[in-house]
Amino acid sequence: MQELKDLYNKLSHKNWGQLLKGKLIDIAISKAVDMKTLEFVYKELTDHVLKLF
């Protein structure tokens with residue numbers, strides 16, 4: 001998450017959102033956190049709904 005924080009002002013919002021989505025997908029694949037938690041985190045950080053499937 002620190003990496004994302006550092007990149008927030010360096011990337012466009014679209015690119016930052018795509019990077020965030022990729023990181024969350026990696027977490028979902030590793031089964032470290034359930035999808036509801038990932039959807040909540042994405043919505044809180046971007047104000048958009050996470051549409052994976």
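**View 1. The aromatic pair of the predicted model.** This predicted model holds 1 aromatic pair, counting rings of Phe, Tyr and Trp (its six-membered ring) whose centres lie within 6.5 Å. The partners are tyrosine 8 and tryptophan 16, arranged edge-to-face, with 5.1 Å from centre to centre and 90 degrees between the planes. By the definition used here, planes over 60 degrees apart are edge-to-face, those under 30 degrees are stacked, and the rest are tilted. Tryptophan 16 is buried at 8% relative accessibility, whereas tyrosine 8 is partly exposed at 37%. Buried means under 20% relative accessible area, exposed means over 50%, and partly exposed lies in between (1.4 Å probe, protein chains only).

A short note on how to read these views: residues are numbered from 1 along each chain as its sequence is written. In this predicted model, local features need pLDDT of at least 70 and side-chain atom pairs count only at pLDDT 80 or more, while totals for chains, interfaces and linings use all residues; side-chain values use heavy atoms, with hydrogens and water left out.

**View 2. Leucine 38 and its contacts.** Here we visit helix α3, where leucine 38 is found. Leucine 38 is buried, with a relative accessible area of 3%. Which residues is leucine 38 in contact with, leaving aside its neighbours within four places in sequence? They are Leu24, Ile27, Ala28, Val33 and Leu50, where contact means heavy atoms within 4.5 Å.

**View 3. From leucine 38 to helix α1.** Aspartate 6 belongs to helix α1, residues 2-7, and is partly exposed at 43% relative accessibility. Lysine 5 and leucine 38 are 33 residues apart in sequence, and their C-alpha atoms are 17 Å apart in space.

**View 4. Isoleucine 29 in helix α2.** Helix α2 covers residues 13-29 and includes isoleucine 29. This isoleucine 29 is exposed, at 64% relative accessibility. Lysine 43 is 14 residues away along the chain, and the C-alpha atoms of isoleucine 29 and lysine 43 are separated by 19 Å.

**View 5. Aspartate 47 and its backbone.** Look for aspartate 47 in the segment after α3 (35-46). Its phi is positive, about 65 degrees, although aspartate 47 is not a glycine. Is aspartate 47 buried or exposed? Aspartate 47 is exposed, with a relative accessible area of 64%.

**View 6. The chain around these close-ups.** Stepping back, the chain has 3 helices and 0 strands, and its elements run α-α-α from the N terminus on. Helices (H or I, at least four residues) and strands (E, at least two) are DSSP runs, numbered from the N terminus. The C-alpha trace spans about 30 × 20 × 15 Å along its principal axes. Buried residues make up 19% of the 53 residues. Of the contacts in the chain with a separation of 6 or more, 29% are between residues 24 or more positions apart.
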